[in-house]
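I opened a new entry to record what I looked up here. The notes follow in the order I made them.

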Amino acid sequence: MLTDITIGQFFPGTSLLHRMDARVKVILLFFLIIAIFVFDTPGDYALMCALTLGLGLASHVPLGTLMKSIKPLWWILGFTFLIHLCTVPGETITTVWIFTLTKEGFMRGFFLCLRLVLLILLSSLLTFTTSPLALTDALEALMRPLRVIGVPAHELAMMMTIALRFIPTLIEETDKIMKAQQSRGVDFETGSILKRISSMVPILVPLFISAFRRADELAMAMEARCYRGGDGRTQMKVLRVTRVDYAGILFIAVFFALQAALKIVGI
């Protein structure tokens, strides 16, 4: 289960998505997320699925790895679908015990789950094709105008990126602790809910200790390198918008125009 969590992972490559400016990718992701909620016809969903599949292929990230980002959330998707299937009134499909399953509930639950899947896949593509350093620089650049009202853009970008970067590390650490505890006879899969919760204590205690130790080591390393915040700091790799970025912006603009046309037509 833990090995299926892919949040924060970066896959080095030379694909078009890898070569795009990180700022452009963040902005385009923002507009794609808006499009997922604004355009809601079956034709729009078909186009969005085709776009997500095309971006996944263009990124050269294995589709199996990309789909792993959905696996840890399958129970949320299933629960969301069942809630809508059983509670939305409409044309009855069948009745199971005290629940009436409706066609409208099925469609609404299906499309809502599809929205969540698209959100997860598109967000995962951003982290898969953008290095943590480039993502930090992009977030700092995008939040820089907020400094006029006192928002510490550099510090916020650094905090978000460090948190994102250490997710795979903490997952790996948790997996090692669980295997070590299982080798000592701890059972995490059987028994009542209270017993399973109590069996998590041998995992949480060493995990918290390890997390604090890593945080202390990171703080000491940053202090040893004379880190004093973002004031006066320069970038080794300056972010530049290239022809690849302009092509990506044009492609997404054409995609939005096609979705708007489908919405007007009603497809």
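**Entry: a loop, a core and a helix pair**

I started with H60, which counts as exposed because its relative accessibility is 63%, over the 50% cut-off. The model I am reading is a predicted one. I placed H60 in the loop that runs between α3 (42-59) and α4 (63-68). I also looked up its backbone: H60 is not a glycine, yet its phi is positive, at about 65°.

Next I turned to the nonpolar residues. I found that the largest nonpolar core has 37 residues. Among those with the most contacts inside it I noted L32, I36, M48 and I70. Which helices each supply at least two residues of this core? I listed α2 (22-38), α3, α6 (103-128), α7 (132-143), α8 (153-183) and α11 (243-265). The largest share, twelve residues, comes from α6. Domain 1 (11-130 + 239-267) and domain 2 (132-236) both give residues to the core, so it lies between them.

I then followed I70 on its own. Leaving out residues up to four places away in sequence, I70 touches L77, V117, I120 and L121.

Last, I checked the pairing of α5 and α6. How do their axes cross? The axes of α5 (residues 74-87) and α6 come within 7 Å and cross at roughly 155°. That angle is over 145°, so α5 is roughly antiparallel to α6. I noted the crossing of α5 and α6 as right-handed. On the α5 side the contacts include L77, F81 and L85, and on the α6 side they include F106, F110 and V117.

Note on methods:
Residues numbered from 1 in each chain as written. Predicted model: local features only at pLDDT ≥ 70, side-chain atom pairs only at ≥ 80, totals over all residues. Heavy atoms only, no water. Helix = DSSP H or I, 4+ residues; strand = E, 2+ residues; numbered from the N terminus. Buried < 20%, exposed > 50% of the residue type's maximum accessible area, 1.4 Å probe, protein only. Core = buried A, V, L, I, M, F, W, Y, C linked by side-chain atoms within 4.5 Å. Domains from an automatic or database assignment. Contact = heavy atoms within 4.5 Å. Axes fitted to C-alpha atoms, helices over the stretch in contact; angles between N-to-C directions. Parallel < 35°, antiparallel > 145°, perpendicular 65-115°, else oblique. Left-handed = near helix turned anticlockwise from the far one by under 90°.
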